[in-house]
Amino acid sequence: MQQRYNYAFFDEASKREIRRALVKGVSIPGYQVPFASREMPIGRGWGTGGLQITLAIIGPDDTLKVIDQGSDDSVNAVNIKKLVVDTTDVEVTDATEDATLIQSRHRIPEHPLDDGQILVLQVPTPEPLRSFEPSEAATKRLHAEADYTGAWLELFDQIVRFDATTTGADHPVQVFGRYVMAPSPIPRFDNLKLNQARHLTLLGAGREKKIYAVPPFTDVKPLDFEDYPFAVETFEGKRCRLCGAEGVYLDELVDEATGETYYQCNDTNYCVSSACQPTKPVDAAAASGTESCGSKASLRAAARFVGLSPQSSAPEAPSLTLRTTGNSRKGTSHA
């Protein structure tokens, strides 16, 4: 590592200021703590809030994972990893279970997080009341008085119009029975993963200069009505065409050549690591007309998914390690 910057880019005073805001955020779950958002070598709106939290708390013994909408290899995720590694020389990994610090945009990993792991979420709009109250002073007063009538009315209006709540992402939640919080634009599918989670969740909005947190084992309840309970996206009858997984968040894709609609795991590492552990029996896969797990065709599909060329022959099942990179040091390619 070339020492062109302070460790983790920021000067120590800046990191202490961010950590003080984090301590307050953890002490008051769901409360938005203002902080002096620093200028970063990436544009605001591209994860500067989450990146500042990561740089303020990362240490030499940490192992970092960065994902963007479920992908470890998107341009944004790769660039953030490169900046952190260049200024800290920490290890990076694609395996969720091996990471101590996970920075994510728009998703919570499918693999359950454990105590000792920290999840950092990038947040574009931290204020859940902003859509109906543009004044920052007014929203502060509403939070202080726990007056969330506007948030309830928004959901009620959706029910009147569409007979269901239509928040596709960033559905508001109530934390610890007190503050209503924007959980970042994670899908509704991920909201319930915050409730009584074993890990610490830190949320940062660089452009809006706000930090807030959900401590471990904290009640996080999505706003809903008794007669219109909260419901997540459903993928009933759908499964990943690569690994056969069900009960996970799936991307709907269209084959440009055939026009066929198919589904794949949104979390790329989960898909690769579970490619030979389908949630349905093999005979069910055969009955649906797909290749069974362990066949050369299914292994070849998994190999293409992790970045091997289409011409590469799939290795035999016992020798295939279905992990994208595992632990790697600075200089390892993630493209």
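Start with the largest nonpolar core in this predicted model: it has 29 residues, and the ones touching the most other members are I18, M40, L51, L55, L64, V84 and I211. Helix α3 puts in the largest share, with five residues.

Zoom in on L55 for a moment. Leaving out residues up to four places away in sequence, L55 touches A8, F9, F10, K15, M40, V84 and T87. A separate core of 18 residues lies apart from the largest one, and its members include I102, L119, L203 and Y212.

Back to α2, where L51 and L55 are both among the buried residues. With nine of its ten residues buried, α2 is largely enclosed by the rest of the structure.

Now for S14, which sits in helix α1. Is S14 buried or exposed? S14 counts as buried because its relative accessible area is 6%, under the 20% cut-off.

| Pair | What is compared | Distance |
|---|---|---|
| S14 and D11 | side chains, polar contact | 2.8 Å |
| S14 and R38 | C-alpha to C-alpha | 8.1 Å |

In sequence, S14 and R38 are 24 residues apart, while the S14 and D11 side chains are joined by that polar contact.

How values were computed: Residues are numbered from 1 along each chain as its sequence is written. This is a predicted model: local features need pLDDT of at least 70, side-chain atom pairs count only at pLDDT 80 or more; totals for chains, interfaces and linings use all residues. Side-chain values use heavy atoms; hydrogens and water are left out. A nonpolar core is a set of buried Ala, Val, Leu, Ile, Met, Phe, Trp, Tyr and Cys residues joined through side-chain atoms within 4.5 Å. Buried means under 20% relative accessible area, exposed over 50%, partly exposed in between (1.4 Å probe, protein chains only). Helices (H or I, at least four residues) and strands (E, at least two) are DSSP runs, numbered from the N terminus. Contact means heavy atoms within 4.5 Å. A polar contact is a pair of N or O atoms within 3.5 Å; within protein, one must be able to donate a hydrogen and the other to accept it, and residues adjacent in sequence count only if both atoms are side-chain atoms.
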